[in-house]
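User: I would like to go through a model with you, a few residues and elements at a time. Could we begin once it is on screen?

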Amino acid sequence: MMPLFLCGAASALFLLRSTLQTPPPLLQSAHPVSRPLMLCGSVVKAVTFAETGLCRSMLRAAQQQQWLTPTSVQSEAIPAILSGSDVWAQAPTGSGKTAAFALPLLQRLDTGAPRPRGRHVNTLILSPTRELAVQTSEAFRALSDSAGVRAKIVALHGGVSINPQLRSLAGGADVLVATPGRLLDVLANNGVQLERVATLVLDEADRLLANEFSFELERVLEALPPPASRQTLVFSATFPFTSRPKAKRLLRPSHVRVSSELAQAAADLEVTGSEAGALEAQPKEEGDDDDDDDDDDDDDDEEEEEAEVDGRLGVAQRRRPIPSGSERYSSAPPPATIEQRAILVDRRERTPLLRHLLDSQGWARCLVFVGSQKAADHVASKLKNSGSVDGR
C-alpha cells in the first residue's frame, strides 16, 4: 500500500509529489548539485563537506545520510555557524536548511561546548508547528547517533501531555526543539531555564515572525539572553517584507546573510494593488475547509463546524490578511524536483478525483493538505476504506 499523510492546512486541497526515488527526510537535499551562493553580495562556489570545517564524526554522519556534496545554504551556513556568527539564511524548501544548522551545532556539542546543568538549555530551536518540532528533533537524534555524539535532545510541543515533557527536562537539555506555546507553558511550570541559552534557532522564521506568533515570541525572547550574548540563526524559505525588520532586530550587526540563487532571484516579487484588490474581492468559502462527498451527513457536519467558527472568530477575523499594494515578498521558488499542477473541480468531486489520482498516477507516497483536523480524519477514513492507501 502507498503511505498517505494528511495535514490540516489551507482551505484548498493540494497534492505534493517528489520525483526523488528515495524517501525525502527533512534533512535531505532535493538538489543533487550545489548551486552558487550570494554571501554579502559575492558569489561563492559550492565546496565539499570537508571544506566547510566539519569534523570527522560529522562527515561520517553526512556520509551515512548519503549527502555527497553540500547544497548552497549548507556550504555557506555551516562555516559561518562554526565561527560563531549570527546567520540569516534563505533557501527553498528541500535545500537542506535543517542540516545546515544541525551539523555544526552538534559538532560544537561534541567538541567542548558547556553541558547544561539543572534545567538549563544549550541550544533552543523554535518551530511554528508540532509536526516540524518532531521532525527536527528526530533529525538531530539521527545525526547525533550517526556521529556518535552524546547529546540530550528534547522536543516540546502541544497535542500530548505536558507532564512527560517536564520530566524529560530534568537535568537540562543540550538541544531543545519547541513550539512557542508549549515552551511558554513549560516556563510557567518552572520546567526549563533559558537564561544560559548559547544558540537560538528560528526554523521557518517567516511563520514565527508573523503576527500570529508575535506575542508568544516576545515572551520567549524576554527569557533569553540578549542578542549580543547569544548566537542567533534565522532560517526560512521566505521572508515577507514586513518580517525583515523583526529578523534584523534578533541578530547582531555583524551577522552573515546567506541566500541561494533561487531565493535571491525571487526577492523582488511584488503583489500589486490590483492583484491584492482582486484577492480581497474573492469571497472565502468556509465550506471548502472540509472534504465533501455526496453524503448528507457530511454536509451537516460541515455546517456545524462553520457555525462554530463563525461564533468564535467572526467573519472579518477568519479572512486571510491581504498584503497591501506596496508590500513585497521574498518567496523562494520550489525545487526543480517538485512538479506543480492546479486542478479546478467541484467540491463534491474532490475526494473521487483524489482517489482517481492515487489509483492512476502510481505515486510512491503522497501528502494531502486539507482545511482542518476533522477534514483530515474524514478524508483519511474514506481513502483507507477504499483500500488503495495506508492512511496515517
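User: Where is N122 placed?
Analyst: N122 is in strand β6, residues 121-126. Helices (H or I, at least four residues) and strands (E, at least two) are DSSP runs, numbered from the N terminus. This is a predicted model in which local features need pLDDT of at least 70 and side-chain atom pairs count only at pLDDT 80 or more, while totals for chains, interfaces and linings use all residues. Residues are numbered from 1 along each chain as its sequence is written, and side-chain values use heavy atoms, with hydrogens and water left out.

User: Is N122 buried or exposed?
Analyst: N122 is buried, because its relative accessible area is 9%. Buried means under 20% relative accessible area, exposed over 50%, and partly exposed in between, with a 1.4 Å probe and protein chains only.

User: What does N122 touch?
Analyst: Leaving aside residues up to four places away in sequence, N122 touches L109, A113, P114, A173, D174, V197, A198 and T199. Contact here means heavy atoms within 4.5 Å.

User: Changing topic: which residues of α1 are buried?
Analyst: The buried residues of α1 are S57, M58, A61 and A62. They lie on the same side of α1, because they cover an arc of only 140 degrees around the axis. The arc is that of the directions from the helix axis to the C-beta atoms. An α-helix has 3.6 residues a turn, so residues three or four places apart point the same way.

User: And what is on the face turned away, and what covers the buried residues?
Analyst: The face of α1 turned away from its buried side carries the exposed residues R56 and Q63. The cover over the buried residues of α1 includes α3 (97-110) and α4 (130-147).

User: What follows α1?
Analyst: Q66 follows α1, and its phi is positive, near 65 degrees. Q66 is a residue other than glycine, and it lies in the loop between α1 (56-64) and α2 (72-82). Q66 counts as exposed because its relative accessibility is 64%.

User: On to the largest nonpolar core. Which members touch the most others?
Analyst: Of its 37 residues, those are I81, V87, F101, L103, F140, L233 and F235. A nonpolar core is a set of buried Ala, Val, Leu, Ile, Met, Phe, Trp, Tyr and Cys residues joined through side-chain atoms within 4.5 Å.

User: Which elements give two or more residues to this core?
Analyst: They are α1, α2, β5 (87-90), α3, α4, β8 (173-178), β10 (231-236) and β11 (256-260). The largest share of this core, eight residues, comes from α3. Apart from this core lies another, of 33 residues, among them L124, L126, V220 and L251.

User: Finally, how many helices and strands are there, and what share of residues is buried?
Analyst: The protein has 15 helices and 15 strands, and buried residues make up 46% of its 392 residues. Of contacts between residues at least 6 apart in sequence, 79% join residues at least 24 apart.
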